Amino acid sequence: MKRSVLSMLLMVLCVIFPNIPAQGAQALPLIPAYEVEPNDTYADANNINMLTGCQWLLTHQCFVKGDLGLNDLDWYTFSISNPSTISISMTDTLGDFDIFVFGDLSNPVTSTGQINLNQVEDTNQIDESGDLPNLNNIEQIGQIYFTGQIYFTGQIYFTGQIYFTGANGYSNKAINQFTWQPGMYYLLVMPHDSDQRGAYNLTFKSEALGNLGDPVPVNFNVVNSEINCYVDAQQSIPVEVLYLTNSPRLGTTGMTITQVLNTLALSETPAGRVIDLNATNLIQPATAFGPAYANWDADPSNPLQANEIAKGIRRLIMAYAKQCPSIHYISIIGSDKVVPFQRVPDETKLANEGDYLYDLPVQTNTRTWSTLFYRTILTDNPYGTLTRIPYRGRQLWLPDLAVGRLVEDPGDILRYLENVQLNGGFDALAIDTSDKINAFVSGYDFLTDQALAISDTLQPYLPQTPFQGTVQPLIGDTWSSTDLYMKWLDNIESTTSGPTPYAFQSVNGHFAHDYAIPANYLSSTSVISADIIYNYANTFLPDATFFQQSLGYSAGCHAGYNVYNSDMIFAVDRYLRSIDFPEAYIRQKGTWIGNTGFGYGDSELVGYTERLMLNFTEELGRQWQGRAGFYAGIPVGQALTRAKRRYLREAAAGSFSVYDQKVLLQSTLYGLPMIRVRVAPTGQTNFPPHDQQDFECTQCALKRPLITNVAPDQVITRTLTLHFDNQPATGSNGTAILTTMTVDSDSFDLLTGSVINGTMSNQAGRPAIQTVAMPVDLADISGSLQLRGAALLDAQTSEITGVNPLITRLITEEVYLETEPNYNFAERWYPDQPFAYSVFESKELADGASSDDTRRYAQLLLSPMQYKGNGADGKVRLFNQMTIQLNYLSSAAPAYLLQDTIAPVVRHTLLNQQGQLNIRILERGAPGRPGALEEAHVMFKRTDGSWAALPTTLVKDTLPDVWVAKVTLPQPAPQPLQIMVLLRDEAGNIGTGTYDGAMNLDITTKKLFLPAVNK
């Protein structure tokens, strides 16, 4: 029933380990290298290996002396040939300078359509101790738009962190980050303000981890004539599923599995196409993948080999989906060895995947070993991703298509597929609460709030008559492995028990890949092993079917990590430790969703992996209609895909970090993604108006409000007047602000009267702030309008003093949770601006859509609270009312406006004794066209808490692209001075200046201590 663990240190799921040591570096060269001008653009960057005195390729380090002149930028480039820890420090500066590392700017990741996540991305990095050395803000990131044609913050890899004050009184900056991808990198040194200039010292170091050779790409041509979008000659049955496998790598049963797949693809609904990567007529040469697999077999410890195969597979999927918009599902048949997961570098500092290697008895130089040794995240997301979103110099893999995988033993996979045939196809295996009327939910520690929320969500999904379905909870901090066994597994080893009675099992707690840890783990060494599930076969049902027609999912660490059995070290417990939950659920004909890596939560809130799993639970209840127009139940893979897209869409300004990326990447579906989930009518919920059903329902196409009375050749403005009900909620650890927003008026009269509740955002180490996310999509007769910017026109605020804020923290193990620290940051408000927006696109999957159709999601993000202070002596500013202006462009607008995507930036501000502000502004237009700054206004806070715009005079400077805004402040000006600068160009792009969040010109940067622990 359960297995003893000899050591508590082995039992704890996510123990903190030091990073894997890198190879040692040689001593720093005594003779410095010197910067060479011109290097103002990345195309003219100094290659540090070419600088006299610097021998980067030989010593893996370099010491450079540089100097920034007036309006100067300094670019450097360097290369790494192996996964390495990059350490760059800037010291002894004679000005306030910033440093940034970019990916290969000569080969950047470009977005699909209009995607703008710049106001959502969090470029800060907490360190191994949970310390966040500084807070980068939106205006600082905006300045990068003007540094050598860098248009997307998605190109930024790392930002310099303040670590102490240098000899000259300016902050020293450092970057210390592991990067997995060999190639070219670029470093930018830029002044924080345009008047900053002077000398600086740069120290470059690179410490390699391992030695990877460059893989040979998978080269082939797609044979478009072999892509058939229908399975019948009459072209009435579209191909919706692509089955991916590699038959020889499934052993002796590989050909049988392929035959069963072909039968299912042709006879079942939805219909599909089987792609055997061993040889397929879809590409030429048909066996193009063979050499790549052979190279990987010869070099299994090289994750780059796996990624070359994955890249080729994704290219093939993209070609098929481009020609056949009916593709909705990707079903992977086989383990990582058969169809590799994509390896994505894990840039988290807390609970990095390299840590798990120390707790895993795995053979070195194997596929499993290498994914952990090189600190990577395993993900299937790329196989379902059709839309390109630049992120950290690469692509953010956010799926459009539903992806699922069957693992691991070929015999288990074959029996799973044959079971589909024997039981009447996919529909007969639906997870239906009219068949299994109960659900099970467990949780403890910081997962208690998530477990309670999921329980409340699942209860209406269960039938009320003729039999009452119930959620069976196991929530609290004292239950044992016996309790978990009796509830979750319902006495699975009994010869008289039948299949599980639960349609849903939300199993939340600490996990390893092969065992679940109970709530009383501090006083017990007993756990539930996955092999219990794997080996069960009822006497009366000899085939393993315990979890047939049921769905299990977990927020636990590595609960979805499929460890390849033969990679494990042979030991007494080899068999036990090699069986993981994904293969155990597939063996039992169930569906399982879990993390391939460490999961994350929040100490006080439902955040990170907890939030994703709650999103997923809510998506299960959507009123998904079939093509006949009746409720059919949502496909389980679509529920997970929609939950991931929603997670990104609801990210607050400046909140989306590498931890959020990891949450989205690692949650993996094991099972067939087209299996439907049907819930009772009491639990069925409508789709949001801005996020309609993806396909099948012909009446459910995405509906954007259509605006007809606008001039499409100019900027379209929309004004929203909002008020907020902000209620402080004080608990044992501090105060959070709960927000409800009401739209008092909308100039387009679309949202007037709407009431939207705020939700807590994932912002580790920062005060708990609710964000209101409001969809603001619009369309005209030319199609979807582009949202270009948001500006604050006026506001009414009030302030509360003596506030101890609730500080949110990443957590992966409650036992490591330290006492909540003070938030000592008295000189700047957080967040630095209470409004932002996000825009991203995904493919339009609705029936009848073309391969080029997209869904655009534009959202106004409002955080009507700002905080600054020292510990319990903090101050909260509440925005009780706002008037927001939104700017849009029609696709029928002139090309020079559509091509101008860069917002104006405040570069320097002077305040004289007479109270006159002179604000220097950079404004660039479309490529090859001078910028045109249309408007600048300074928002000024009065003594009564109101904010209003001051009269502003705009003057064109003699320098190209430079403007000067002149403003006279009221005299005497209230102290402390609080201003916010807003700028608008002719294309509707809006830039905001808050002076590092201080909102005045006396800016002091403080260091923060923001602990976060493993889960």
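Start with helix α8, residues 410-422. It has 13 residues and reaches 18 Å from first C-alpha to last, close to the 18 Å expected at 1.5 Å a residue. That expected span is 1.5 Å times one less than the number of residues. Helices here are DSSP runs of H or I, at least four residues; strands are E runs, at least two, and both are numbered from the N terminus.

Two caveats. This is a predicted model: local features need pLDDT of at least 70, side-chain atom pairs count only at pLDDT 80 or more, and totals for chains, interfaces and linings use all residues. Numbering runs from 1 along each chain as its sequence is written, and side-chain values use heavy atoms, without hydrogens or water.

Back to α8. D409 caps its N-terminal end, with a side-chain oxygen 2.9 Å from the backbone nitrogen of G411. After the helix comes G424, with a positive phi near 90 degrees.

Now the cores. A nonpolar core is a set of buried Ala, Val, Leu, Ile, Met, Phe, Trp, Tyr and Cys residues joined through side-chain atoms within 4.5 Å. Buried means under 20% relative accessible area, with a 1.4 Å probe and protein chains only. The largest core has 169 residues; I313, I330, W488, F504 and F616 have the most contacts inside it. Helix α6, residues 303-323, gives the most, with nine residues.

Last, D567. It sits in the loop between β30 and α12. D567 is buried, yet has no salt bridge, meaning a Lys or Arg side-chain nitrogen within 4 Å of an Asp or Glu carboxyl oxygen. The nearest side chain of opposite charge, R367, is 5.6 Å away.

Note on methods. Polar contact = N/O pair within 3.5 Å; in protein donor to acceptor, adjacent residues only side chain to side chain. Buried < 20%, exposed > 50% of the residue type's maximum accessible area, 1.4 Å probe, protein only. Lys, Arg positive; Asp, Glu negative; His and termini not counted.
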